[in-house]
Amino acid sequence: MEFVEGQYEIQSLKLTALAEKYGSPLYLYDTANMERQYQRLMNAFPGVRLRLNYACKALTNINILKFFNQLGAGLDAVSIQEVQIGLKAGFAAEKISFTPSGIHPEEAYQAVGLKVPVTLDSLSLLEKFGKKYSSSVPVSIRINPHVMGGGHAKISTGHKGSKFGISFQQLPQILDLVNQYRLHVRGLHMHTGSDILDISIFLKSAEVLFDVAGSFPQLEFIDMGSGFKVPYKPGDYETDIEELGRLLSERFNQFCDQYGKNLTLIFEPGKFLVSTAGYFITRVNVIKETPLTVFAGVNSGQNHLIRPMFYDAYHHIVNISNPEGAVKPYSVVGYICETDTFAWERELPEVREGDYLVFLNAGAYGFSMASNYNSRLRPAEVMIHKGKDLLIRERETLDNLLRNQIVHQF
């Protein structure tokens, strides 16, 4: 987002004008930003066969999926519904990676029926899959490397106590099942968490996968998951992608030489690709002064952006209606019947009733985690693409809330 002559803009489109045109609350997505992030990752790993699968759980609007398909990305899906949306978005089945956790076997079988590659993350599912398909359907196995990584306990997925993957210490049991059912294991997968700043986490986890890989002679790829940290605060740190790329590419090539075959290195970025491309516009309903603080109550809440309440996440907030106002502390809160706080005592240019406040880094896990709590309607979504604003999801109506309810007479 650029500040130009008193107006905040995306691709030369003024945010205040977009808010007036589409109403608020409103999600905006900048495809130019997404493409820059995608190309940055593609360029960061020299000399390896690299593939990026967009982790669509971060933002599942079908237009976003179509955009990444056009860029050449694959797709990481964690539910059969995401698989189905990916196919409707135009992804070839073989470019979709189904990496679920804790699913019923029928969901994996359904993916096989759609010719979508499946990653298995439990010994139980590995056995059931082997009994049904034997060597006729290649699989990938998710390994838990017992490495703690991530910016919050709720988004750390590779530690010893995590529900995700099969512990690398259970390799003998994995091999027993693979040999018993003659399974064709074509890939190894892991994902240690989100918001990982320390690149040594990736390097340490990679060594676990490289050690495990020696037991599987038919591998085609190593999937490292993702979890790259993006900056949320002014001056915030981010994962040094270029340094990670240099170090991991060198080590991956060494591993491939030892393995005797050039494998594909896969990452599954979600937040890294869409977080900084997203903006969430709200409007101030009320300014309420109390003995302790001044509340700026907006026309949204945790039903639209749950990350601050769920993960204690920080989102930078900009007053685009009064950017030159005198700076004062405000507690920005929502209209949900909860302690619905986006920011406590945040320094902002003077906030007035009717002002538009924009939450930055709202592209990932914003709309995709939104709900109808308090029977509130979910907002519209707009894509900014090549200088044009495109409505990609209409604002919900009361009819949307009632559509699947069955009314009885009493």
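The model is predicted, so local features are described only where pLDDT is at least 70 and side-chain atom pairs count only at pLDDT 80 or more, whereas totals for chains, interfaces and linings use all residues. Residues are numbered from 1 along each chain as its sequence is written, and side-chain values use heavy atoms, with hydrogens and water left out.

Helices (H or I, at least four residues) and strands (E, at least two) are DSSP runs, numbered from the N terminus. Helix 6 (residues 123-133) and helix 7 (residues 171-180) pack with their axes 9 Å apart and at an angle of about 10°, which makes helix 6 roughly parallel to helix 7. The axes here are lines fitted to C-alpha atoms, for helices over the stretch in contact, and the angles run from 0 to 180 degrees between N-to-C directions; angles under 35 degrees count as roughly parallel, over 145 as roughly antiparallel, 65 to 115 as roughly perpendicular and the rest as oblique. Leu123, Leu126 and Glu127 of helix 6 make the contact with Gln173, Ile174 and Leu177 of helix 7, where contact means heavy atoms within 4.5 Å. By class, the residues of this contact divide into four nonpolar, one polar and one charged, given that Ala, Val, Leu, Ile, Met, Phe, Trp, Tyr, Cys and Pro count as nonpolar, Asp, Glu, Lys and Arg as charged, and the others, Gly among them, as polar.

A further helix pair is formed by helix 8 (residues 199-213) and helix 9, whose axes come within 10 Å and cross at roughly 10°, so that helix 8 is roughly parallel to helix 9. From helix 8, Ile199, Phe202, Leu203, Ala206, Glu207, Phe210 and Ala213 take part, and they meet Glu243, Leu244, Leu247, Leu248, Arg251, Phe252, Phe255 and Tyr259 in helix 9. The contact of helix 8 with helix 9 has 12 nonpolar and three charged residues, and no polar ones.

Aromatic rings come next. A pair of aromatic rings is described by the distance of the centres and the angle of the planes. Rings of Phe, Tyr and Trp (its six-membered ring) pair if their centres lie within 6.5 Å, and planes under 30 degrees apart count as stacked, over 60 as edge-to-face and the rest as tilted. By this rule there are 19 aromatic pairs. In one of them, the rings of Phe228 and Phe267 have centres 5.5 Å apart and planes at 50°, so the pair is tilted. Because Phe228 lies in the loop between strand 12 (221-223) and helix 9 (241-259) and Phe267 in strand 13 (residues 264-267), the pair ties together parts that are 39 residues apart in sequence. Both Phe228 and Phe267 are buried, a word that means under 20% relative accessible area, with exposed meaning over 50% and partly exposed in between (1.4 Å probe, protein chains only).

The rings of Phe280 and Phe359 also form a tilted pair, because their centres are 6.1 Å apart and their planes at 45°. Phe280 lies in strand 14 (residues 278-289) and Phe359 in strand 19 (residues 356-359), so this pair ties together parts that are 79 residues apart in sequence. Phe280 is buried, with a relative accessible area of 0%, and Phe359 is buried with a value of 1%. Tyr27, Tyr29, Phe280, Phe342, Phe359 and Phe367 form one aromatic cluster.

Two individual residues may now be considered. Thr119 lies in strand 8 (residues 119-120) and, at 4% relative accessibility, counts as buried. Not counting residues up to four places away in sequence, Thr119 touches Ser97, Phe98, Thr99, Pro100, Ser140, Ile141, Arg142 and His189. The side chain of Thr119 makes a polar contact with that of Ser140 (3.5 Å); such a contact is a pair of N or O atoms within 3.5 Å, and within protein one must be able to donate a hydrogen and the other to accept it, while residues adjacent in sequence count only if both atoms are side-chain atoms. Glu338, by contrast, is found in the loop between strand 17 (327-333) and strand 18 (341-349) and counts as partly exposed at 41% relative accessibility.

Most residues other than glycine have a negative phi, and most peptide bonds are trans. The peptide bond from Ser24 to Pro25 is cis, with omega near 0°, and Pro25 lies in the loop between helix 1 (15-22) and strand 4 (26-30). Glu345, in strand 18, has a positive phi near 50° and is partly exposed, with a relative accessible area of 33%. Tyr365 has a positive phi near 60°, and Tyr365 is buried at 16%.
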